[in-house]
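User: Please take a close look at a single part of this model, the place where two of its chains meet.

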There are 4 protein chains.
Amino acid sequence: MSKRKICVVITARPSYSRVKTVLQAIKEHPALELQLVVSGSALLERYGTAINYIEQDGFSVNSKVFNVLEGENLMSAAKTTGIGILELSTVFNNLQPDIIVTVADRFETMATAVAATYMNIPLAHIQGGEVTGNIDEKVRHSITKLADYHFVSSEGARERVIKMGEEPQFVFNTGCPSIDLADLVLSNPVLDFHPVEKYGGVGAPKETFRNGYLVVMQHPVTNEYKDARRQVEETLFAVKEASIPTLWFWPNVDAGSDGTSKGIRSFREREYNVPIHFLKNMEPLDFLKVLKNSLCLVGNSSVGIRECAWMGVPVVNIGTRQNRRDQGINVINVDYSHKEISDAITHQIAQGHYKSDGIYGGGSAGILIADHLANLPLRFHKTITY
Amino acid sequence: MSKRKICVVITARPSYSRVKTVLQAIKEHPALELQLVVSGSALLERYGTAINYIEQDGFSVNSKVFNVLEGENLMSAAKTTGIGILELSTVFNNLQPDIIVTVADRFETMATAVAATYMNIPLAHIQGGEVTGNIDEKVRHSITKLADYHFVSSEGARERVIKMGEEPQFVFNTGCPSIDLADLVLSNPVLDFHPVEKYGGVGAPKETFRNGYLVVMQHPVTNEYKDARRQVEETLFAVKEASIPTLWFWPNVDAGSDGTSKGIRSFREREYNVPIHFLKNMEPLDFLKVLKNSLCLVGNSSVGIRECAWMGVPVVNIGTRQNRRDQGINVINVDYSHKEISDAITHQIAQGHYKSDGIYGGGSAGILIADHLANLPLRFHKTITY
Amino acid sequence: MSKRKICVVITARPSYSRVKTVLQAIKEHPALELQLVVSGSALLERYGTAINYIEQDGFSVNSKVFNVLEGENLMSAAKTTGIGILELSTVFNNLQPDIIVTVADRFETMATAVAATYMNIPLAHIQGGEVTGNIDEKVRHSITKLADYHFVSSEGARERVIKMGEEPQFVFNTGCPSIDLADLVLSNPVLDFHPVEKYGGVGAPKETFRNGYLVVMQHPVTNEYKDARRQVEETLFAVKEASIPTLWFWPNVDAGSDGTSKGIRSFREREYNVPIHFLKNMEPLDFLKVLKNSLCLVGNSSVGIRECAWMGVPVVNIGTRQNRRDQGINVINVDYSHKEISDAITHQIAQGHYKSDGIYGGGSAGILIADHLANLPLRFHKTITY
Amino acid sequence: MSKRKICVVITARPSYSRVKTVLQAIKEHPALELQLVVSGSALLERYGTAINYIEQDGFSVNSKVFNVLEGENLMSAAKTTGIGILELSTVFNNLQPDIIVTVADRFETMATAVAATYMNIPLAHIQGGEVTGNIDEKVRHSITKLADYHFVSSEGARERVIKMGEEPQFVFNTGCPSIDLADLVLSNPVLDFHPVEKYGGVGAPKETFRNGYLVVMQHPVTNEYKDARRQVEETLFAVKEASIPTLWFWPNVDAGSDGTSKGIRSFREREYNVPIHFLKNMEPLDFLKVLKNSLCLVGNSSVGIRECAWMGVPVVNIGTRQNRRDQGINVINVDYSHKEISDAITHQIAQGHYKSDGIYGGGSAGILIADHLANLPLRFHKTITY
């Protein structure tokens with residue numbers, strides 16, 4: 001019998017990290033054939049060339065889709081989505097998948113969902129139903145209404161997707177696949193490499209990172225993109241005050257990332273003695289190990305809400321980006337204020353690591369999702385339940 | 001004080017017909033400035049060049065957007081959406097509207113919604129919350145989750161939109177603006193022109209249309225596009241059997257319209273004596289008058305469900321396209337079967353016209369919507385209510 | 001040794017007809033692998049779906065590229081080229097051809113040439129160096145300056161290409177491949193099918209075509225597209241006056257084809273007794289046989305200048321489209337005037353068929369081109385010779 | 001009488017610099033109205049945001065066109081052109097210019113030329129007819145065959161354009177407008193600002209630049225883009241050997257610029273003591289003053305061939321990019337070899353500045369071009385002269 005063809009579209013570094021175990025489980029499933037499409041910022045060097053890690057991890061890529069229109073303003077974000085649809089529809093037409101899988105809520109995700117919908121290809125969505133209060137939420141719920149199958153990460157998400165009118169038999173709380181990797185780290189938490197040595201980057205020298213360090217990951221917020229520079233500067237100032245060695249990761253491509261980058265570059269030129277080291281990207285597992293061994297994660301990345309919950313890493317979550325997302329006990333929320341950020345860092349370091357919180361699942365999401373993909377009835381036709 | 005700029009995007013003949021009174025009310029509102037964008041099939045001659053009617057009605061068009069990629073297959077439909085986003089984002093950037101208004105649920109509608117969302121421009125949606133059971137439903141609800149304001153056509157639709165997690169204070173049951181025009185017809189129902197004389201077309205001669213006639217309007221169904229030809233042939237055969245003079249309107253551009261057109265052309269060449277006259281388009285008011293004075297409407301157009309409910313016109317509704325839409329007492333539903341269609345036509349003609357059913361509103365939607373647009377707080381940022 | 005991959009892009013019905021023997025010769029050449037891409041109007045039903053003939057002729061198509069943006073105005077023609085580049089670059093990236101072959105001078109041809117050039121893929125051009133005096137000429141010579149190899153159709157063309165600064169060792173007068181097919185017809189000229197019976201179409205009944213007939217093929221002229229309707233009406237009127245049975249072929253998609261189509265449709269509705277039969281398309285060989293057996297070809301198609309020269313068919317060439325192209329003795333040139341057209345038809349019928357004129361080659365272009373493609377050094381880098 | 005509308009499309013920093021005096025002359029001409037479109041890398045921060053200088057110089061921009069698709073591979077360059085055509089055709093349709101002006105030979109230039117051609121808008125080309133031996137040459141001559149008017153920079157270029165079959169009365173040797181600015185510098189050559197102080201950048205401190213300095217500007221070569229990194233490293237090494245303070249300008253966006261940037265970044269991290277200061281961009285006049293006051297220009301920029309000829313600045317020209325361009329006495333040509341580069345630098349410094357060479361004109365190109373634009377007959381229809 002021919003295998004069911006599952007086409008997964010990866011559009012950004014964090015998406016890959018999140019679904020790596022899903023890709024692995026699909027690849028290893030006897031009834032499934034993995035078709036992997038890589039697009040958006042996942043292909044671009046200045047956002048860390050996630051594609052390199054994907055290929056190093058042993059996945060073969062069926063198609064690369066370049067669709068990022070330079071400009072980093074709102075119109076370019078819209079056009080990037082338009083180009084994404086133009087390009088992905090060709091790819092889907094060539095690959096003829098049985099199911100297309102899209103992840104999360106970024107604008108490239110929307111391109112995948114629209115192309116699949118118009119081409120009558122069954123669409124599965126990972127990480128629907130979550131509440132964040134920012135503009136991504138519109139896109140996320142909008143994709144839910146296009147998707148035929150929903151693999152959600154928490155019980156709250158499952159309830160929300162069903163409330164939106166989706167049929168319960170197509171909504172599955174598999175836990176978040178990102179937790180699968182975090183779970184691996186828990187079983188082997190030793191930091192067996194030096195981040196600066198292995199990954200390069202610029203800033204503070206390797207020797208700085210001996211006795212504990214912070215990790216910072218702060219993305220521009222789509223609907224506040226004009227403030228991106230000021231927002232990142234508050235964090236830079238707080239980290240300067242803390243005077244603790246810091247590993248700082250560059251942000252995603254997005255409206256506002258020019259502002260963020262500018263803030264960082266300008267700071268670096270003025271403040272060359274602050275012990276911050278700037279990095280582009282890491283293999284996902286290495287990244288989680290770096291987090292597990294850090295004093296605290298600072299910023300607005302969803303990794304703080306998800307993986308860090310299961311790994312017990314203290315998090316200072318800044319601003320609105322993770323606004324209303326369900327949170328574990330490991331998170332302190334603060335505003336864009338260097339004072340608030342600085343105080344929260346102090347508090348979290350004093351507190352130390354937390355115990356595991358299973359709010360986003362406990363490590364088997366990849367296998368569960370692959371099993372569902374192998375067994376679900378194919379459909380691209382649905383109607384609201386009420 | 002400067003007027004609030006309201007940009008309405010018209011993408012197809014039926015959309016224009018539906019929102020004409022909204023355009024009029026915006027244009028006449030002292031606090032609003034109308035920005036009119038015409039795109040998709042509304043610009044194309046083989047779909048009736050709706051733009052001509054728009055301009056004859058006294059509206060000035062701010063921008064014309066050509067985005068229909070020829071091919072009439074599913075991939076082209078997806079690419080048409082992608083091109084729509086590329087082009088509309090430029091238009092929105094030039095016009096800088098305060099609110100963008102999108103209508104209903106076709107694929108061009110999605111392009112408007114995505115471009116508005118990514119550009120942080122408040123989005124109003126007309127005719128959300130309806131249930132039809134076809135692929136358009138995915139798109140309709142997906143747009144609901146992108147829209148900031150909802151102008152729905154029935155109480156059932158209002159309840160559904162709120163259930164999907166939209167804030168009740170931004171969901172308004174204004175009735176359907178298409179009913180505004182139907183209401184005008186009720187106050188002056190006389191057919192004061194001859195359809196064939198005024199609108200040309202090909203087929204049965206003018207003299208045929210003396211003592212009662214049928215109207216047919218049948219669109220291909222997006223997710224059944226391979227059957228488009230067979231489906232239209234059942235209707236052609238039923239009309240041939242009925243042997244009643246018939247005004248037949250060409251379908252929308254859509255996946256499948258090639259099949260529909262082919263079926264019609266092939267029938268015409270074989271059956272030149274059947275009293276069918278084929279027309280491309282009419283001014284909306286004329287079209288409603290033609291319906292009001294017909295024996296029965298046959299096909300799958302939403303006009304049968306909406307305007308005909310208020311005007312009391314008997315309708316034979318074929319197939320799945322209006323599947324689960326709330327219906328008035330004037331509708332009989334049948335399958336793609338010339339026998340069923342033929343029987344239902346006989347029954348409806350015997351029955352005669354029905355009395356008005358206000359299920360989709362009663363004639364003031366345009367004015368209500370314009371008033372809301374003038375007074376609503378501007379926002380492009382929302383979160384689900386649960 | 002691996003075969004050299006030759007990617008030929010077919011964009012319209014006439015291009016296919018012209019290079020069919022080239023495709024055949026590449027396919028049969030032991031050192032070559034044919035990669036066939038079909039795009040533009042060659043895929044569209046309303047322009048005759050050339051792809052059907054291509055597949056019936058036993059060619060397998062590697063990729064179909066839908067790029068025609070509806071609108072038939074000048075802006076849409078430009079955008080169709082832009083979309084063509086977007087789509088073809090993906091195709092070329094997937095196919096990785098050693099040489100790309102582009103034919104003639106239409107706007108889709110430009111998309112192929114630009115994509116090949118920017119992707120550093122050697123580009124061969126068939127039918128460069130010709131002079132026509134219309135806007136296509138700009139495009140043709142512009143492609144010459146992008147092309148690495150030139151397969152021209154006449155001695156005059158070869159001299160012109162070299163004068164433009166191309167290296168003589170890369171400019172080959174192979175004759176026009178369209179003549180290869182015309183040559184086959186000469187060896188078996190009997191019309192062994194009935195055009196109306198085999199190809200359908202609408203208009204005059206089959207019986208009309210007993211004792212001699214005209215063929216008409218008239219395309220809109222790109223830089224006179226506003227006059228397209230009037231221009232075609234002069235021809236329609238002339239044919240009506242001639243009152244000779246006529247096979248009329250629908251025009252190419254192009255700026256102006258809406259006008260041409262409109263003129264034809266409107267004429268047909270008024271003048272249903274004129275003995276014209278309208279056809280969409282024919283297999284190339286059948287088409288040449290129809291020409292060989294006609295009294296005269298009327299219009300502005302290049303087939304009148306090329307194939308008809310070798311086959312000795314009398315031609316009435318209208319207007320500017322073939323303006324300055326080298327012509328054989330079989331052609332009379334007239335203006336857009338029903339009087340001039342009518343007189344020339346009378347003259348040509350009186351004259352009868354001419355003898356073969358080898359100005360565009362004598363029947364082995366396909367084989368010569370394939371041989372060159374197999375043996376030429378690969379290069380995408382050139383400089384002007386002066 | 002209404003003014004003739006002249007639409008100039010600027011696509012990159014160097015293009016602006018080259019035609020600034022043309023823009024000024026059009027703006028000031030009583031019979032002309034300037035329509036300025038800025039696109040491509042001229043809008044992007046990482047290529048110096050030329051738009052800022054344009055606006056500071058007092059030009060108002062009618063439209064900004066974002067068309068650069070990220071990826072910096074050959075397919076992206078092709079797609080960038082395709083997107084350019086899609087976007088520019090909308091802009092031209094909105095602006096309805098009488099003449100469109102395109103500059104030089106980069107891929108964005110091609111998008112302008114194709115859109116203008118298909119839209120039947122008269123096209124003027126500045127800097128045609130030059131010979132460089134690289135891939136840009138194909139594009140340049142290809143644009144010549146699309147352009148209706150030619151404003152060339154040297155007598156050799158004029159002869160070549162005419163030889164290619166252009167009518168002599170539409171080919172004007174106005175000199176290169178870039179020389180107009182160089183001429184201004186000659187009348188006031190004092191360096192009245194400190195480059196590092198005024199323009200920032202990173203690397204060697206300001207104090208380094210006291211007693212003479214080199215300038216480096218090296219672009220990746222389109223058809224050698226895989227070698228971009230190695231090529232730039234040879235120059236970096238040569239400059240390191242020379243040990244003379246150096247102002248180094250970042251390259252254009254282009255296939256290969258990732259490689260160039262990588263080479264530079266990696267060098268900077270290893271060799272922090274080499275006295276190089278890296279800059280993004282300068283106002284054109286400032287840039288020429290910096291050149292005029294330098295010891296020598298190193299790299300492959302056309303500024304070395306043109307402006308430096310008139311200003312007498314010694315130039316070490318590396319590799320194939322300016323291969324066959326007509327050169328003045330101020331240039332030494334070398335290969336991608338740190339040894340050759342280093343030797344040539346030594347020789348040029350010993351030699352000192354040269355006297356003015358008028359090979360590319362003498363300072364009034366802007367005014368001459370504006371006058372022609374005001375008086376030329378409008379045409380978009382031409383034919384080859386032989």
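**The interface of chain A and chain D**

Analyst: D:Glu45 and A:Lys262 form a salt bridge, with the closest N and O atoms 3.6 Å apart; the term stands for a side-chain nitrogen of Lys or Arg within 4 Å of a carboxyl oxygen of Asp or Glu. The model is predicted: local features need pLDDT of at least 70, side-chain atom pairs count only at pLDDT 80 or more, and totals for chains, interfaces and linings use all residues. Side-chain values use heavy atoms, without hydrogens and water, residues are numbered from 1 along each chain as its sequence is written, and chains are lettered from A and ligands numbered from 1 in the order in which they are written.

By the salt-bridge rule, four such bridges cross the interface of chain A and chain D. On the chain A side, the elements that give two or more residues are helix H3 (74-95) and helix H10 (257-270), helices being DSSP runs (H or I) of at least four residues, numbered from the N terminus. H3(A) gives the most, with five residues.

The contact (heavy atoms within 4.5 Å) takes 21 residues from chain A and 21 residues from chain D. Together the two chains bury about 1,800 Å², 51% of it on carbon and sulfur atoms; buried area is the accessible area (1.4 Å probe) that two parts lose on being put together, summed over both. In chain A, the residues that lose the most area to chain D are A:Glu45, A:Phe66 and A:Glu70, together 36% of what that side buries.
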